[in-house]
Amino acid sequence: MQGKIDHIFFYGTLMRTFPLRARAGIDDWLEYVGSGRVAGVLFDLGSYPGLVVDSDSEVCGEVYRILDPFKLFDRVDTIEDYCATAPSEGEYVRQSMNAILEGGRTTIVWGYVYNQRLPSFGRIECGDYRHYVKR
């Protein structure tokens, strides 16, 4: 599943319209593809969500084509506290996963999966962080 993956999935504060997205300065390195879904569940971790892979549920988000992987991952890996040389030590792990796009087409994407002990509460049942924070 690894091969060349040229898409990324954002499900939290790196989606469009969130302040972190503008501050991150990553828009020049991405091309919006559309809405998508991956297998997983979301947890409210305070000011951002965490995704945990779960084949029985879906998480909604945004899929982008990566235009400059070196610049993008340098910035986003830092934001997500992911270290390629010591992946088990960070808050998130970047891993490949299948995303279902609008219209049913699937593509392989990079996504950031929460890598710490889960809270015993705070599951975002709807699987859509944008919808969740509007409530």
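Which elements are included in what covers the buried residues of α2? The cover includes β1, β2, β5, β6 and β7, where helices (H or I, at least four residues) and strands (E, at least two) are DSSP runs numbered from the N terminus. This is a predicted model, in which local features need pLDDT of at least 70 and side-chain atom pairs count only at pLDDT 80 or more, while totals for chains, interfaces and linings use all residues. Residues are numbered from 1 along each chain as its sequence is written, and side-chain values use heavy atoms, with hydrogens and water left out.

**The helix α2**
- The buried residues of α2 are L72, F73, V76 and D77, buried meaning under 20% relative accessible area, exposed over 50% and partly exposed in between (1.4 Å probe, protein chains only).
- These residues lie on the same side of α2 because they cover an arc of only 110° around the axis, the arc being that of the directions from the helix axis to the C-beta atoms.
- An α-helix has 3.6 residues a turn, so residues three or four places apart point the same way.
- Exposed residues F70, D74 and T78 sit on the face of α2 turned away from its buried side, and just after this helix D81 takes a positive phi of about 55°.

**The nonpolar core**
- The largest nonpolar core has 35 residues, and L72 is among those with the most contacts inside it, as are I8, F9, F10, I26, V38 and L51; such a core is a set of buried Ala, Val, Leu, Ile, Met, Phe, Trp, Tyr and Cys residues joined through side-chain atoms within 4.5 Å.
- At least two residues of this core come from each of β1 (7–10), β2 (30–39), β5 (58–66), α2 (69–79), β6 (92–101) and β7 (106–114).
- Leaving aside neighbours within four places in sequence, L72 is in contact (heavy atoms within 4.5 Å) with I8, I26, W29, L30, I66 and D77.

**The largest pocket**
- A pocket is an open set of points on a 1 Å grid over the protein atoms alone, where a 1.4 Å probe fits, with protein on both sides within 12 Å along at least five of seven lines, and its lining residues have an atom within 4 Å of a point.
- The largest pocket is lined by 18 residues, of which T13, L20, Y48, I79 and E80 lie nearest its centre.
- The largest share of this lining, 3 residues, comes from α1, while β1 and α1 (19–24) each supply at least two residues.
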